[in-house]
Amino acid sequence: MAIRAALIGCGKIGQRHLQALVHQDAIDLVATVDTNLERAEAAAVAFDALAFDQTDVMLDNVDIDAAIIATPSGLHRQLAFQVLERGKHVMVEKPLALSYQDAKAIVDLAKQQGVVAVVTQFNRMLPAIQQLFQAHQDGRLGRIVNGGVAVRWARPQSYYDEAPWRGTYAMDGGVLFNQAIHAIDVLLQLMGSVKEVFAYTATLTHQIEAEDSVSGTIRFRSGALASLAATTCVPKTNLEERLTIVGENGVVVIGPTVNQIHTWRVGNDNEQEVRQAILDLPARPSWQSHHDALKDFAEAIENGVTPRLDAATALCDIAVIEALMLSGREGRIVHMSEITGENA
């Protein structure tokens, strides 16, 4: 029997979830919620779902198994708690929350309630990234000693102006939480636990509250180092989303998009063949990654297995971003223990 779910938030990202939901049958959308009731009603039509403008009213009146939260980021903790306190499974659009403590509270409550909580850090599931993960898992890269993330995207002022919550600290979080988090997530999954960070942050070309540019360094407990560059100041169109991993025995560069391999120096592999194999894969529709995330969510609920996108695995992302932003504001090295409260 299909999982009965509600979609909370029917804006831009909510539309991606709606597109993905159409292309699967494990989850049955039975309710939509948006502060704009007309938007919730429009989203509900294709699914013959009920529409609401308040989450608590929906929870009181509709029998659901799970909820998908696709609202502005600053609302994630509050809405996740409303869902989890009813003993329902939850999928949260990235970022899980805008602080480590809020994100950990979501993870802890889900564990306490015995339900599934996932977050859409789905770049991990992309073919090029999966190939990189497999090479690392097989030990073919050797010890990873250096890495890098470069997310240089175009976001005109009109992008921020069309939704007042964008570019705010309370609801958006800035370029790291909103744009660079997918690439940061993949880097951290590969390179492990972080010891300390340092960053410069700035707002350079936009009339917004939060940072539109960050340059930073991450020191891992293993001794490895990684660089970070993120900006939404690129004119016209996105420039790159690039991930570099340097191991003692191999080097991989994913880019200029996450669906391309730029460099593959791993063992005796033919670099050109590896690169071409990824390029030859069928084009991925815009909703495919959300579809993959929904499938992972449904399988975890139905089979009682740990999801690949388990919310707990994203806590490191939130902690590191929070530390980088604190470093930028205060101009100093920030130790991760300051954010997590755990001993270094």
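Colleague: At about what angle does helix α10 run to β5?

Modeller: This is a predicted model, in which local features need pLDDT of at least 70 and side-chain atom pairs count only at pLDDT 80 or more, while totals for chains, interfaces and linings use all residues. Residues are numbered from 1 along each chain as its sequence is written, and side-chain values use heavy atoms, with hydrogens and water left out. Helices (H or I, at least four residues) and strands (E, at least two) are DSSP runs numbered from the N terminus; axes are lines fitted to C-alpha atoms, for helices over the stretch in contact (heavy atoms within 4.5 Å), with angles from 0 to 180 degrees between N-to-C directions. Helix α10 (residues 288-303) lies across β1, β2, β4, β5 and β6, and its angle to β5 is about 160°.

Colleague: Which strands stand at the edges of the six-stranded sheet, each with a single partner strand?

Modeller: Strands pair if DSSP finds at least two bridges between them. The six strands form an open, parallel sheet in the order β3-β2-β1-β4-β5-β6. One side of each edge strand is left without a neighbour in the sheet, because each has a single partner; these strands are β3 (50-52) and β6 (117-119).

Colleague: Within that sheet, which residue of β5 is the bridge partner of isoleucine 69?

Modeller: Strands β4 (residues 66-69) and β5 (residues 89-92) pair in the parallel sense through four bridges. The partner of isoleucine 69 in β5 is valine 92.

Colleague: How many residues of α10 are buried?

Modeller: Buried means under 20% relative accessible area, exposed over 50%, and partly exposed in between (1.4 Å probe, protein chains only). The elements covering the buried residues of α10 include α1 (12-22), β1, β2, β4, β5 and β6. Among the buried residues are His290, His291, Asp292 and Phe297. Helix α10 is largely enclosed by the rest of the structure, because its buried residues number 12 of the 16.

Colleague: Which residue follows α10, with a positive phi?

Modeller: Helix α10 reaches 22 Å from its first C-alpha to its last, close to the 22 Å expected at 1.5 Å a residue, where the expected span is 1.5 Å times one less than the number of residues. Then comes a residue with a positive phi, near 65°, namely glycine 304.

Colleague: Which strands lie at the edges of the eight-stranded sheet?

Modeller: This open sheet has mixed pairing and the order β13-β12-β11-β7-β10-β9-β8-β14. Pairing on one side only, its edge strands are β13 (261-266) and β14 (334-335).

Colleague: At about what angle does helix α6 run to β13?

Modeller: Helix α6 (residues 127-137) lies across β7 (144-152), β11 (240-247), β12 (250-254) and β13. Its angle to β13 is about 15°.

Colleague: How many disulfides does a search of the whole structure find?

Modeller: A disulfide is counted when a pair of cysteine sulfur atoms lies within 2.5 Å. Cysteine 10 is buried at 1% relative accessibility, whereas cysteine 316 is partly exposed at 30%. Over the whole structure, the number of disulfides found is zero.
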